[in-house]
Amino acid sequence: MDLSIQDVARIAGTTSRTLRHYDDIGLLKPSRTGHNGYRYYNQAALVQLQRILLLRGLGLGLPVISQVLDDEADAAKALTGHLEWLKEEQDRLARQIASVTQTIEAVRGGGEIMAEDMFNGFDHTQYKDEVEERWGKDAYAKGDSWWRGMSTAEKAAWKQRSQQLGEDWIAAATAGIAPDSAEAQAIARRHVEWLTGIPGTPASDARGKGEGKGTGDVQAYVTGLGEMYVADPRFAKNYGGAEGAGFVRDALKIYAAENL
């Protein structure tokens with residue numbers, strides 16, 4: 001049975017106005033419209049709405065969500081990827097909840113707080129070993145110190161910049177432009193500038209030494225990252241999947257060869 005727009009809004013925790021907007025921009029069409037002008041939604045439409053809300057939860061804008069939905073027509077396959085991410089978040093949040101609960105009990109009971117347990121689920125150092133293996137302990141130490149020294153607002157701004165960069169890459173890839181186009185190369189330039197702002201990376205070290213075109217380390221670093229975006233699903237998902245990551249890799253490779 002089709003559900004009315006009011007029922008869908010109530011069940012999904014959104015508003016009729018939002019659903020009408022999704023219809024207006026072609027993001028979510030109702031399965032039918034009644035004689036009274038009311039919109040009704042069937043199961044396929046509800047699946048589409050679930051995907052939209054999941055992508056919104058990841059912080060993606062509506063234009064990017066539209067492109068992602070177009071690229072991933074297989075709803076079951078796409079939702080499987082979302083499910084894996086949700087399970088990871090569920091585990092992290094469960095550990096945070098347990099950690100905070102233990103702290104509250106210890107504070108109220110006057111017991112001893114175990115530092116190791118207090119920060120379970122809050123770890124931003126989960127890639128420590130991987131970073132040290134790839135770029136050395138000094139690279140991790142510099143990056144860790146930089147991140148810890150940032151204010152909450154600065155961290156939020158940096159995350160927003162990263163997210164916007166990812167959205168722009170996805171938009172460019174789905175638009176079908178060439179990796180060597182002016183538009184793609186402009187994003188590649190921003191990407192490299194973003195990398196140089198992270199202490200401890202070869203890109204940042206090269207900038208600090210005043211090195212420019214022709215430095216092999218930063219060129220190899222940027223090119224290597226492009227390859228890693230494609231090879232590692234954790235990074236590829238930031239660019240809409242393997243195909244989008246391949247576009248980023250190609251654009252960065254061209255930029256690095258001509259400018260670094």
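Author: This one is a predicted model. Let's start at Gly 176, which is exposed, with a relative accessible area of 61%.

Reader: Nice. Where is Gly 176 found?
Author: Gly 176 sits in the loop between helix 9 (152–175) and helix 10.

Reader: And how far is the C-alpha atom of Gly 176 from that of Phe 247?
Author: Those two C-alpha atoms are separated by 9.6 Å, while along the chain the residues are 71 apart.

Reader: Let's switch to charges. How many salt bridges does a search of the whole structure find?
Author: The search turns up seven salt bridges. As background, side chains of opposite charge can pair when their charged atoms come close.

Reader: You mentioned helix 10. Which residue forms a salt bridge with Glu 193 there?
Author: That would be Arg 189, with the closest N and O atoms 3.1 Å apart. Both residues belong to helix 10 (residues 182–196), and they are four residues apart, so about one helical turn separates them.

Reader: Is Glu 193 buried, exposed or partly exposed?
Author: Glu 193 counts as partly exposed, at 37% relative accessibility. Arg 189 is partly exposed too, with a relative accessible area of 35%.

Reader: OK, over to helix 1. What does Arg 10 pair with?
Author: Arg 10 forms a salt bridge with Asp 7, and their closest N and O atoms are 3.7 Å apart. The two are three residues apart in helix 1 (residues 5–12), which means about one helical turn lies between them.

Reader: How accessible is Arg 10, and what about Asp 7?
Author: Arg 10 has 61% relative accessibility and counts as exposed. Asp 7 has a relative accessible area of 29%, so Asp 7 is partly exposed.

Reader: Now Asp 23. Which residue does Asp 23 form a salt bridge with?
Author: Asp 23 pairs with Arg 39, the closest N and O atoms being 2.7 Å apart. Asp 23 is in helix 2 (residues 16–24) and Arg 39 is in strand 3 (residues 39–41), so this pair ties together parts that are 16 residues apart in sequence.

Reader: Are Asp 23 and Arg 39 buried or exposed?
Author: Asp 23 and Arg 39 are both buried.

Reader: One last thing: which residues are linked with Asp 23 in a network of salt bridges?
Author: Lys 29 and Arg 39 are linked with Asp 23 in that network.

How values were computed
Residues numbered from 1 in each chain as written. Predicted model: local features only at pLDDT ≥ 70, side-chain atom pairs only at ≥ 80, totals over all residues. Heavy atoms only, no water. Salt bridge = Lys/Arg side-chain N within 4 Å of Asp/Glu carboxyl O. Buried < 20%, exposed > 50% of the residue type's maximum accessible area, 1.4 Å probe, protein only.
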